[in-house]
Amino acid sequence: MSSARIAVVVLAAGRGSRFLGGEHKLAQTLGLVTVLEATLANALATRLDVVVVTTAALAPLACRSIAARQVVVLPEVGSDGVAGLGMGTSIASGVSASSAASGWLVLPADMPLVQPATLLAVAERLHEHPVVYAQCKGRRGHPVGFSAELYTELVLLSGDEGARRLIARYPSFAVDVADAGALADIDTQEDLARLRADGAAQVGGSAPISVY
């Protein structure tokens, strides 16, 4: 691997099984854009490389924001004849697709309020620590960053465990941020309604999205 810059790996391949009713949670509207588009806008605003790991159903939505070459398509979790998919597989696929990077920020696609400044703050510390994460008001949040030295272990991840074992095994450094979006994910309809109601979503560092 070269000393190329850090990449943001956006995880958008989950089923969102707790989000009951209607379209996939990432396709839900948030002002004038979808949840996935809002997350991608903030990631792209950093001017870091961005890779999206998603499914065939959501790939066209991702391609509204980024080039098709930056989209990694996986079978949906629970697909017939396909076993072992999950967050670990998604991380491994995204890291493999950006193997020349000097580190990776893992960002769940259902966190559209994570601000570009937060992503950059975590990225800046990856040159000093193997694992870095955003922390708001003492609570661990996202993104979680991994340095290039962990490449081999990241690409071997599989299943739904994600990178918890890596985070436990290596020293982790917390970057304190005043970004409540680092803690705000959308798991349920109630989560989405609450986010819409407060009108606090920031896309690409811009003014709050209109929710009317």
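View 1. The structure holds 0 disulfides, where a disulfide is a pair of cysteine sulfur atoms within 2.5 Å.

This is a predicted model, where local features need pLDDT of at least 70, side-chain atom pairs count only at pLDDT 80 or more, and totals for chains, interfaces and linings use all residues. Residues are numbered from 1 along each chain as its sequence is written, and side-chain values use heavy atoms, leaving out hydrogens and water.

**View 2. Arg-140 meets the ring of Tyr-133****.** Look for the charged end of Arg-140, which sits over the ring of Tyr-133, 3.8 Å from its centre. A charge sits over a ring if NZ of Lys or CZ of Arg is within 6 Å of the ring centre and within 35 degrees of the ring normal.

View 3. Pro-143 belongs to strand β8 (residues 139–147). Strands (E, at least two residues) and helices (H or I, at least four) are DSSP runs, numbered from the N terminus.

**View 4. Arg-47 has a positive phi****.** Although Arg-47 is not a glycine, its phi is about 65°. You can find Arg-47 in the loop between α1 (35–44) and β4 (49–55). Its relative accessible area is 68%, so Arg-47 is exposed.

Methods
Buried means under 20% relative accessible area, exposed over 50%, partly exposed in between (1.4 Å probe, protein chains only).
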